[in-house]
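Dear colleague,

Please find below the structure that I am handing over to you.

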Amino acid sequence: MSTPEETTRSLAESPFVPARWLRSGHAMTVFAWARARDFSSLPAPDARLFQVASDTRVLAHCYWQPDRRSRPTVVALHGLEGSSGVHYMRGLAAGAWQRGWNAVLLNQRNCGGTEHLTPGLYHSGLTDDPRAVIRELARGDGLSRFGVAGYSLGGNLAVKLAGELGDSRDLPIVAVAGVSPTIDLDTCVKSIERRVHTPYHFNFVRNLRARMRRKALHWPGAFDLTPLDSIWTIRKFDDVYTAPHHGFQGATDYYHRASAMRVVDRVHLPTLILGASDDPFVPASQFNDPGLRRNPNILVRIERYGGHCGFVGQNGDGTEYWAEKTVLDFFGAIMTK
């Protein structure tokens, strides 16, 4: 199989050029998160439930080409407290659709209003669910070429899945991409805990707390909400809820075992990682890991600008979403050759 360098030789290698007013990680991150985008070119999705465990289903919004069996399929994985409806997920779907590909936007457990579909919680390294979804689409629907793209926490999932697969052909995944991926979870959590990042941290924790309350309404007695009012950090939330629920020995053990960084040396699939030096809470230093940089199957591009999952480019009115285009160009060089 070709290396990422070989398959991307035809792609533009010029650095990302941000919109002039977005040469700040905070400005880029907030703008990309808050700006409304027009996806009127997308058809209505097929809302589909997948059985990923005996007691758990997950929801995906799928965009199918009429002859979908003959087309590549992009599977998109969202970040912490995201869903299939966030802008970058739908942006990937719109780009894939324009190219004549299928797109599957997967909600992680409890996300996208699906708290009632599982008694459990998701975690940052739970690759079982995308595995089960892709396996069903391959065996049941006859789809044969998949590219898996993840943003932030979803980027960790995508890269970890590539590492876990190694050189096996268990699933017909041919390429993987992570945008602003949290591949070293402990490093990223420590970064977001810094006082300068309080607004981001507060927003994540507020959403996590609200989700637990919604969860308790659907599953009375399953979770003790007594500690919830005293939880104001992601680490504390993971210590109290995420880690014990999944059998980890606390947040530190969870972050270590769930991080893609542990398995990057095993990645055999063409894999693209996009990051930014001005990302407010995913340090670019994590991408200097020798196991990552020495793997010839992984192409790492760290841009000077881009923020966290932003990468809004200077394209006339400044509405080009460079990461989406770059990921799809990368997939296209592999999935359509």
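I begin with the lining of the largest cavity, which by class has 17 nonpolar, 6 polar and 4 charged residues. Please note that the model is a predicted one.

The largest cavity holds about 400 Å³ of space. It is lined by 27 residues, of which Leu80, Ser124, Leu153, Ile234 and Asp238 are the closest to its centre. Four helices, α6 (185-192), α7, α8 and α9 (251-258), each contribute at least two residues to this lining. The greatest contribution to the lining of the largest cavity is that of α7, with 5 residues.

In the whole structure, the search finds 3 cavities of 30 Å³ or more. The second largest cavity has a volume of about 60 Å³. Its lining consists of Leu77, Leu106, Asn107, Gln108, Arg109, Tyr122, His123, Leu126, Asp129, Pro130 and Leu157. By class, these lining residues of the second largest cavity divide into 6 nonpolar, 3 polar and 2 charged.

I turn next to the open space. The volume of the largest pocket is about 630 Å³. A total of 23 residues line the largest pocket, and those closest to its centre are Thr29, Trp33, Leu80, Asn203 and Phe204.

Which helices each supply at least two residues of the lining of the largest pocket? They are α2 (25-34), α3 (87-98) and α7 (198-218). Helix α7 gives the most to this lining, with 8 residues, and α7 also gives the most to the lining of the largest cavity. The classes in the lining of the largest pocket are 12 nonpolar, 8 polar and 3 charged residues.

The packing of the helices may also be of interest. The axes of α7 and α8 (residues 234-245) come within 9 Å and cross at roughly 25°. With angles under 35 degrees counted as roughly parallel, α7 is therefore roughly parallel to α8. From α7, the contact involves His201, Phe204, Val205, Leu208 and Met212, and from α8 it involves Ile234, Phe237 and Tyr241. This contact of α7 with α8 comprises 7 nonpolar residues, 1 polar residue and no charged ones.

Helix α8 also meets α9: their axes come within 8 Å and cross at roughly 85°. The two helices α8 and α9 are therefore roughly perpendicular to each other. On the side of α8, the contact is made by Ile234, Arg235, Asp238, Asp239, Thr242 and Ala243, and on the side of α9 by Ala251, Thr252, Tyr254 and Tyr255. The residues of the contact of α8 with α9 are 5 nonpolar, 2 polar and 3 charged.

Finally, the aromatic pairs come to a count of 11. One of the pairs is formed by Phe16 and Trp322; this pair is tilted, with 5.3 Å centre to centre and 40° between the planes. The two residues belong to distant parts of the chain, 306 residues apart: Phe16 lies in the loop between α1 (4-7) and α2, and Trp322 lies in helix α11 (residues 322-335).

With kind regards

Terms used. Residues numbered from 1 in each chain as written. Predicted model: local features only at pLDDT ≥ 70, side-chain atom pairs only at ≥ 80, totals over all residues. Heavy atoms only, no water. 1 Å grid on protein atoms, 1.4 Å probe; cavity = no way out; pocket = protein on both sides within 12 Å on 5 of 7 lines; lining within 4 Å. Points joined across faces, edges and corners; volume = space filled by probe spheres on them. Nonpolar A, V, L, I, M, F, W, Y, C, P; charged D, E, K, R; others polar. Axes fitted to C-alpha atoms, helices over the stretch in contact; angles between N-to-C directions. Parallel < 35°, antiparallel > 145°, perpendicular 65-115°, else oblique. Contact = heavy atoms within 4.5 Å. Phe/Tyr/Trp six-rings, centres within 6.5 Å; stacked < 30°, edge-to-face > 60°.
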